[in-house]
Every structure is written in structure tokens, then in C-alpha cells.
Amino acid sequence: MSENKTRTEIVAKLSIIYLAVVVFALVVVGKIVYIQVIEHDKWMDANTVSQKDIIIEPSRGDICATDGRILATSVPQYEIRMDLKSDAITDDVFNKHIDSLSYRLSKLFQDKTPQQYKRKLVSARYRGDRYHLIKRSVDYIQLKELKTFPIFRRGKYKGGLIINQENRRIQPFVNLASRTIGYLKDIGTDVGIEGAYDYDLSGEKGVRLVQKIAGNYWMPVNDGNEVEPRNGYDIITTLDINVQDVAHHALQTQLEKHQASHGTAVLMEVETGDVKAIVNLTRDSQGQYSEQYNYAIGERTEPGSTFKLPVLMVALEDGFIDLNDSIDTENGVVRYHDYEVKDSHKGGYGKITVQRIFEVSSNVGVSKIITQFYTKKEDRFIKGLYNMSLNKSLNVPIKGERKPYIKFPSDTLWSGISLPQIAYGYEVEQTPLQILTFYNAVANNGEMLQPRFVKAIVDHGQVVKRFSPKVINPTICSRATIDKAKKMLEGVVLNGTAQNLKNSNYQIAGKTGTAQIANQKYGYKYQSRTSYQATFVGYFPADNPKYSCIVVVNAPTSGVYYGNLVAGQVFKVIADKVYSTSLDLHTAPLVTYDAELKVPYSRNGHKNELEKVLDDLHIPFENLGINSDWVATEKRDSTIRFNNRYVNDKTIPSVKGMGAKDAIFLLENLGLHVVIKGRGSVGEQSLSPGTKYRHGDRIVLELRS
Amino acid sequence: MKQKFVKYFKGDTAIWLIIFLLAIFSMLTVYSATGTLAYKKMGGNTSYFLFRHMAFLLFGIGITFIVHNISYKIYYSLSQLLLYISIPLLAWTLFKGVSLNEAARWITLPGTGLSFQTSDFAKFALIMYVARLLSSNQENIQDPKVAFKPILIWVLIVCGLILPANFSTAAMLFAICLVLMFIGRIRVLHLAGLVGVGVVAIAIFVAIAWNMPNQGRVATWKVRIENYLGDGSGDNYQTNQSKIAIVNGGLFGKGPGNSTQRNFLPHPYSDFIYSIIIEEYGLLGGLFVLLLYLFLMYRVGAIVRKSQRTFPAFLVIGLAFSLVFQALINMGVAVNVFPVTGQTLPFVSMGGTSIIFTSGALGIILSVSRTVQPKTESPDGEAIIDETEDQYADNINLDDDIEML
């Protein structure tokens, strides 16, 4: 074969290949044109899929107690899932780490054995599960640990770890006032303050436009957000968590004792209407009590004897009676048409004063007064009640309040016995909070205030909106009537049905009530026995009212159902707590101390600070010859003596007898690492005084009280 | 100006022009396409990849420049050595290499921290060696025992070692060698038989792979082929995004740096760079780049026609065809004529190994063109002798290589 032919053949074959290449190139170009022309619309439409708006949830505000302590807040919690089909989790990786991963999951969550975890993971991997649930409701601390586990520590894509964050609302004080603090419901009306102030708490959602980029990342399209989220405001309530705690447990104890179906207790500040504590307890099927329904706001019942106060006040205001007028209560029974009104005291009280009628809570006496003066003038009587705003809703922000029910003579339901019935608190209906608001108005010299649950709305400590006390009725009646009402209420505790609440430190004024409950379902009988509602409502200190309070215990099933015993006891525990912790209620020292008692024990500490404190408290002390910054104290008969306690930076000082704050300040400034155990003042220190130390050494202090 | 250029940049000026044009396209497109990568990895420092890529391109052109000054003849003997080196390298890569997307394709050069794709190296080594075997056995080329068998053995060894980690490169290399053998005058009957056997082998391979558990590379292949064969609506994310880019581009494109699909396409700077070129420079821009490669192939044809010997002819055909073929596959993937493979666009895609080996190949082609075109046009139209040609020509023993004329 000639070489020329060789070349010709090579060139010819190359041309064939070249032709193939050109054909291929034409196919490529043809496909481009095809896509651009024929499939144009299809891919143009597909183009928008990769962009979306994501909502940036603002963080919900906190609900705080009056002192700023948090009553409800949002904490993040996580749902942990795993992509077991992730390409990066090869058999090698999976098989090598599955045992240690299962072991650590089991150890962290303590809910399944390592074998169970392994079995679940292995079968999920076999199924190719890309969204396998590992655990719900994982907190941040757990999440942090989880991220260090084998496989998971490889990260989101390589380790298949999927973390879904959601915010959970928690109430750090668990059951305390939980119904009043409330919660949001997916369906239906939101509850409590959470519901009432949802708008302020929620904040505003933000929006960010993101686009999908390769590898499943979502990248913001623009710098920053399209709409910046605004976090929710905090709500500062009027609730005092310490008092709430006391009230809660006092009520709970009493409910348990009497196996009552439910009860409520509300403490209000007289001058402002601030609700300091509000407890609502319901008995569940296991006999446990918890906050399930806001009875104070939502349950309207016949108030019974506590209603005698407004009733008599109407008569007093109209000038028909005075406290010393004498009324014949006969033998404790009086008849209206075919209806008998009886006193609980068998045999009656005979002729007694109006004041006494109120003190002993005579149904006969009150009904006789009212029927005597208001028969044919029923309108005047009812208008008298209306004038004291007893028929008005309180319009508290928390939803669910029932409007008071006081019928008018023109109503179709008005009957011949309505007047005497209303006189002692039947055929009318009030909620506990409405009754308390009325009694608070009496304590507040006639000014009726709306119960206040929220003091302010704040944004990072800056007040956005302040709620001042809101007046419902500036004067419910004349001052004279108020004074008489107060006198009657004081008499109840001093001489009447609530003498068990008498005490030497401060005086309580109030009214007991023991009403039969008309239950829509059961009538006046519940479980074939009469159901009762024991109430005590009043205020303290009687001479200078600061707080008013109502306690209602419903359907006590055990024998004792008198308001003073069942409800009054709770009232007293709450009042004692509030009185003992309110320094402003103690105008003068109650007892003068003996000279002996004047010198207290003092902790050791910083000289200048101790001197200042002791000076302020007028406690004599000896500081002669003291030249060290830190001193040890010694209690003498009539003085506190200071002793030098030298501190240098080379050896360990003695911190015995010091408080934790001073000891930590001193030791950590020397460069030591302090570990505190116990409480009180320092009893033992792990490094002896005088020994040498190195920077960063650990010293353990055992505190004793 | 032109004179000076020709003085330093010897060989086929058109090929030099192609190189510079591709480099410019490469820089523009890679800079635009690495935006997402910079966002993810470099905290938004977009110029990082630009400068790194620019450095690679300059380095690559430097390599082309050096290589084109070396006589192609050394590759005659060097090809065997390179091939011998490539075999253990491939084996090492296969078992110990760096895994990326389940494919062990990379090895790290000891001491440097640089990693490179050994199949690129082996590809050029094999092409050179096949060119040598073909040229040295031209006289008895029809005898299968003389040329066909030894070539086939080497091709099967190299492709076999590449295949488990990189099916597309193995298949492509095999096809290039087939083409080279075809042009190298191996009997078409043998080649047809080989293709037949190959088809059967692939069918068996696919059948086995299909019944294997979904693991490793097999799973990736299956997904890719299923995506290609499927209706294109579901999981076929990459090609869909690529098509959106092509539609976005239209006739004239959205202009440099205006691609949006770079954010959605995986590897917009390598595997899918052609889509970004079309999106930013339109059908015309895409066509221009395509024509650059076709023109390269055309210029190589011109070199072959002038060549006095078969070795340089086969060498340039093999090298050029491998570049052009790879470019066409890359484009084919971008426009969804092919299923998704990891082939880069030679000298345009970002990627150190690819650019360096491509530069080397272009250098060799230029070296050959410099040698086979003894006559260059002098300004006054007179033919002059390229003196450098003779210096190298005599120093190297090419007695195996038969002359064509």
C-alpha cells in the first residue's frame, strides 16, 4: 500500500469522524433551539418554583408577675428526625457508628434501650426512611449534646440530622394562676391573659424572600428581610406570685379537707383594684385539684348572705333604717305567701338591731326589713342596687365574664316572693369577682374600681402602655352609708358569724355566706344532698383597708358548710401572709425589743460595708484598732466587735463566717476558682488558711446556716 | 504585532486564538457561576474563585506555551512510561482515593495538598500510547495480532480501572480509542466486533447493576439513568434547571453576570457551565463556543493533512478528538441530549486538573502544528524555513514511525 494512499485513507476517515462531530454539534444546537422555542413556556413557568417567602416568627412576649418574675414564656424545643437514606451515610459509616449512636440516644433520653433504638434505626434505614422521627420535645441542652453524637456530628447533610424548631409556651410556676395566665387554643376562644393580650404578645411576623440554590440551600434573595419581624411585648400583670402561692395552697388544703368540687380565691388591692392573686381550683376525677376554669370570672351563682350588705346599704341609703333600729326576727321563721324564710339559728333571735341582724346574718331580719319598706316600692329597691353598679359587667379583659343578674319588678320572672328572696341573696346572680369588686368599693370608701389584671405592656423594659386604675362608679353611695356598712362588716368578725377570724395583730372586716346552690343540672340538690357554696368576702386591715379578698368554696360535701369555717379559713391564711409581708401595713413597731436582743449575729465581711449597715440599723460595734479591709465579727453582750482579718495575695485567707457573696468576691479576686455548696455562711473551706495557692486553684466552700 | 505574536506563540495561530477566546469565556462564566459557591464556602468572597481560576488559566496557558516548544517526538517514547505510571496510580485512586459523590476519582499529591483526577492523566497517556502503537504498526495494521490486540489490552486495562469510579470517562475514553483505531486503519470488521462485544458487556453490566442493592456509585448511576429516561417532571432537578437557564438565555442572552440559574444549578461552574453560557450569552454565545471546538477539530484536520508522519497525526487526532468529544458530551448533558455525567467543558470549566491536562494536550497539538508546518508566511510573502524544526527532528529516533509520503 502506498503511503499516499495511507494518508488519503486517514484523511478520509477523519472526515467521516468530523462529519459525525458536526452532526452531533447540530443535534446540540437543535436541542437548544427546541428547548428555547418549543418548550419555552413550560420552562418559563417552572422558573418561579424555586423562590418562596418564608415567615419569620416573632418571639412571643412574656407574661410577668408584678415584680417582673416570669409567669409565662416561650422556650424553643426541637423535634429530631433523621434522614437515613442520606447519600453521605454509607454502610461503612452506619454500621460503624450505629451501636454507639443507639447507646448515646438511649442514655440521653432514657426512654428506650440501646437495642430498641438500634432496631428502629436499622429498620428505618432498610425502609429508606428519609424523615425518621427520633424524638419530640427535645430541649436546647439535649440538642447540644445530641449534635455531638456519632453520625449526627457529621452535620445536617452528611449526618442526616434534621432539626425542626418550634416554640413551646411554658408557665414556670406551673399551676399557679395558670387559668388566669391562660393559653392559646387552636380552636375556640383563647384563655386568660394570653388570650386577652394576644395582639400585644404576638408581635408581627416578618417575611424573607428566599431562593433555592444548588444543594438544597435556601438563600435570601435580598440583603435583610422584606418585612422585619417585631417581637411581642411583655405583659406585666398585677399578680404577686408569693401571695398567689400562699392563696393557692390555702385554698387547695381547704378544698381537699372538704372534698369540695371547686373553689376560688381572689385578692385585690383596695386602692387600685389590682388583682394580686387569683386561684381557681377544680377537682378532677382522681380527687386532684388544678386550675381548669376561671370560676372567679365565669361562674355566676346566687350569692346568698354576702348580698345582704348591698341590700341593707340600699335601705340605709334611703334612710329607712339605721344600724340601731330594732327589728323583730321572731322565732327565726317568717312566711311570705306560701314560702317560708328561716334563719339557720333555730328558734330565732327575737328583737335585735339591724347591726346585729347583719352580724348573725339573719335571713328573717333582712327580708322583713326589705318587705316592710319596699313592698309596692320594689322599683326603688332594685334601682338602689343598680345605682351601686351591681348590675354592670366589670368588663375585665379576660374573656368569659358573666353579666350580673338582678331582675327588675317589670320582668316576667318577678314573683311575689322575689323581694324577700333577693333580700338575702337569692333570685340574683353574681360572679365572685363582681361581689369582691363591690366589697372593695366599700373598703375604698365608695369608689368602685375595675379589677385590674395588667399594669403595663412593656417592650424590653420600656413601657409601651400603662394601665391606670379604672373607675366603674366614683361613689356607690353616701359616705355615711359606707361607714355604716364598714361598721356592720367589722361587727361580723368581732361579734358575729366570723369570730374565728378575730386576731390581735390586725382586724378583718367581712361577711360570711352559705348559699344553697341552684345548679342548672341538679337544682338545689346535688347527689341527693343539698349543695352549698361557702363564701367569705371582706377586707383588711379593717381600720385602714389595703386589701380585699373573696374566697368561695363550692359544694362542700362534708358536714361543715358555714362560710366562716370553710372559706374564712382560706381568707385568714391569705390575709396573714399579706399582712406579715407588707411592711407598709406596720405603722409602728409592734413590740419593743429587750436590750439583750438588740445585738444580732453578723457575718464576717468587708469592714466599710459592715460599718455602714450596722450604723444604719443603730447597732453598736467596736472597731478600735482595726486596720484590715476585711473583718471577722464577734457578738458581745451589747456590741459587735470587729477583729482584724488580714488578706494577702500569696496565701489563702480565712473566709469562715463570711457570706457567699463576700467569700466569692475575695477568693475569685485572688484568682481562685470557688465552688459553693449549701447555703448560709461559710463553715468549712477546702484549702486551709495560710496555705500557698496557684492561680486557678479550686476551693470548695461549705456553707451552713 | 502579528509578527511578534507568531514569533513567540508558534504553531497554528488559529489554535492559539481558540485558546485565548476559550480562556476569556471561561473567566467570565466561572466568575459569574461561582457566586453561589462563594456564598456557601467563602462567606461571599466572590473574587476568591475568580483569582484562583484566573491563576489556573494563566498556569494552563503557561503549560501550553512550554509544551508547544517541546518537540512532540518525545511523547513517542514518553507515552509508554506515562502509561506505565498511570496504571498503579489508577489502582491506587480506585482503592484509596478521595471520595466525592461516592466516586473515588481523586488522589492527593503527597506533600502538596493538591488533589488531581488520575483518570485525566491516564486518558492522555493512553491516547498517546495508542497513537504510538498505531503508527509503529501501520505496515501490518490489518493483522489483529500486531496492533489491534495489544492496543485493545491496554485500552481494556485502563478503561477497566477507571470504570468503577467514573463510568462516563471510561466509556468516553473507550470511544476515543475506537475512533483513533478507526482512523488508524484497524480493520472496521474488528472494531465492529469489539463494539458488539462491548454492547453485550455493557448490557450484562447494567443488568447486574440493576439488581444490586442501592449503594455507592451504582445507586448514583441508576438514579441518573432513570432521570434521563423518565418523563423529566419529577426528580430531574438538574436538567430542569439547566433547561430553564437555556430558555432564559434566548437568542442573545441576559448578559454577563446576569444568570439566575447559577443559583439553582449544581456545579454551574463545571458540569453545567454550558447552560450558564447560554443563559448569559444566548444561543449565539453557545453556538460561538461550540464553533470554537469544531474549529479546533477542523484545524487539527489541516495539521493532519500536512503531516509527514503518522505518529503526530494520530497524536493530534486523539488529543483533539478527546477534547472536542468531551466538550460535546458536556454540552449534550447541559441540553439534556445525554444523561447527567460529570464531564467538564475543556478549558472553560473551573477545575485545576482539567485545565492543566487540557493545556498540556493543546500544547502538544501546537507543538505538532509547529513542526508540520515548515512554511510560515513571511511578511513579504516568501516562504521561510522554520529552523527550530530541524534541530528537534534529528535528535529523536523515530525509526518506528513510518512516513506517509
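Predicted model: local features only at pLDDT ≥ 70, side-chain atom pairs only at ≥ 80, totals over all residues.
Residues are numbered from 1 along each chain as its sequence is written, and chains are lettered from A in the order in which they are written.

Chain A holds 21 helices and 33 strands. Chain B holds 15 helices and 5 strands. Helices (H or I, at least four residues) and strands (E, at least two) are DSSP runs, numbered from the N terminus. Chain A has 705 residues, and 50% of them count as buried. Chain B has 405 residues, with 56% buried. Buried means under 20% relative accessible area, exposed means over 50%, and partly exposed lies in between (1.4 Å probe, protein chains only).

The accessible surface of chain A is about 34,700 Å², and carbon and sulfur atoms supply 50% of that area. For chain B the surface is about 16,900 Å², and the carbon and sulfur share is 66%. These areas come from the Shrake-Rupley method with a 1.4 Å probe; for residues, only the protein chains shown count as cover. In chain A, 67% of contacts between residues at least 6 apart join residues at least 24 apart. In chain B, the share for residues 24 or more positions apart is 71% of the contacts with a separation of 6 or more.

A search of the whole structure finds 5 cavities of 30 Å³ or more. A cavity is a set of points, on a 1 Å grid over the protein atoms alone, where a 1.4 Å probe fits but cannot get out; lining residues have an atom within 4 Å of a point. Grid points are joined across faces, edges and corners, and a volume is the space filled by probe spheres set on the points. The second largest cavity has a volume of about 50 Å³. Its lining consists of A:S389, A:L390, A:K392, A:L394, A:Q430, A:Q434, A:T437, A:F438 and A:M448. Helix 17 (residues 432-443) of chain A gives the largest share of this lining, 3 residues. By type, the lining has 4 nonpolar, 4 polar and 1 charged residues. Here Ala, Val, Leu, Ile, Met, Phe, Trp, Tyr, Cys and Pro count as nonpolar, Asp, Glu, Lys and Arg as charged, and the others, Gly among them, as polar.

A:D662, A:A663, A:L666 and A:L667 are buried. Down the helix axis, these buried residues fall within an arc of 115°, so they line one face of helix 21. The arc is that of the directions from the helix axis to the C-beta atoms. The face turned away from the buried side carries the exposed residues A:K661, A:F665 and A:N669. The buried residues pack against several elements of chain A, including helix 20 (607-616), strand 29 (630-635) and strand 31 (673-678). A:G671 follows the helix, with a positive phi near 95°.

Strand 29 also contains A:E634. A:E634 is partly exposed, at 31% relative accessible area. Its contacts, leaving aside neighbours within four places in sequence, are A:T639, A:I640, A:R641 and A:N643. The C-alpha atoms of A:E634 and A:N604 lie 8.7 Å apart, across 30 residues of chain.

A cis peptide bond, with omega about -20°, joins A:F540 and A:P541. A:P541 lies in the loop between strand 25 (532-540) and strand 26 (547-554). A:Q110 is not a glycine, yet its phi is positive, about 55°. A:Q110 sits between helix 3 (91-109) and helix 4 (114-127) and is exposed at 65% relative accessibility. A:Q259, also other than glycine, has a positive phi near 50°. Its loop runs between helix 10 (241-258) and strand 9 (262-269), and A:Q259 is partly exposed at 47%.

In chain B, B:Y281 belongs to helix 12 (residues 273-306). B:Y281 is buried, at 15% relative accessibility. Beyond residues up to four places away in sequence, B:Y281 touches B:F25, B:L28, B:T29, B:L251, B:F252, B:G253 and B:P256. B:L81, in helix 5 (residues 74-96), is partly exposed at 47%.

Methods: Heavy atoms only, no water. Contact = heavy atoms within 4.5 Å. 1 Å grid on protein atoms, 1.4 Å probe; cavity = no way out; pocket = protein on both sides within 12 Å on 5 of 7 lines; lining within 4 Å.
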